[in-house]
Structures are given as C-alpha cells and as structure tokens.
Amino acid sequence: MWTTGMVHYQGQEVDYIAKVSDQASEFGIDGGRVFKLDIEVAGACIASYDRGWDTYPKTDKQETILESVLAVLPV
C-alpha cells in the first residue's frame, strides 16, 4: 500500500511517500514492512530507500526526521 503525508519537525514541513507491505521482510527497513520511502525537507531529498538505502540521512537531525516519519507510518 502506498501512503503519502507530511509531518512537522521543528517548524519545517517534511513530506514523505512510502510503500508499506502487510508483512515484514528482509528487504524492508530494519527487516520491517517499509519497502520504499522518500523523505523531502524544503524540496531536498534527505532519505531514499528502495529495498536498500539509496540516500541515507547525513546528519543526526535528518536521522531524527527519519525516525519521526517511520513513527507515523502504518506499520
């Protein structure tokens, strides 16, 4: 199932699109159900996952944003 949305992090809008499966898999993030994920802040991609990391967050702040997005996904 594809899901899109937006979260707010420290006054910034964070847009995401994710493909979430009904079942966990070795191809999901941390062996979970998220197979594809793109996260953008101010039009810039900070994370991209497609059965493996294409773009991993570069800073602690970006990793925290990733965790915030993962927390709202239906997993």
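The model is predicted, so local features need pLDDT of at least 70 and side-chain atom pairs count only at pLDDT 80 or more, while totals for chains, interfaces and linings use all residues. Residues are numbered from 1 along each chain as its sequence is written, and side-chain values use heavy atoms, leaving out hydrogens and water.

Helices (H or I, at least four residues) and strands (E, at least two) are DSSP runs, numbered from the N terminus. The two strands run antiparallel and are joined by 8 bridges. Strands pair if DSSP finds at least two bridges between them. Methionine 6 has aspartate 15 in strand 2 as its bridge partner.

The hairpin of these strands has 2 residues between them. There, glutamine 10 takes a positive phi near 45°. Glutamine 10 counts as exposed because its relative accessibility is 61%. Buried means under 20% relative accessible area, exposed over 50%, and partly exposed in between (1.4 Å probe, protein chains only).

Arginine 51 also has a positive phi, of about 60°, although it is not a glycine. Arginine 51 lies between strand 4 (44–50) and strand 5 (53–55). At 47% relative accessibility, arginine 51 is partly exposed.

The largest nonpolar core holds 18 residues. Such a core is a set of buried Ala, Val, Leu, Ile, Met, Phe, Trp, Tyr and Cys residues joined through side-chain atoms within 4.5 Å. Val14, Tyr16, Leu37, Ile39, Ile65 and Val69 touch the most other members. Strand 1, strand 2, strand 3 (34–41), strand 4 and helix 1 (60–72) each supply at least two core residues.
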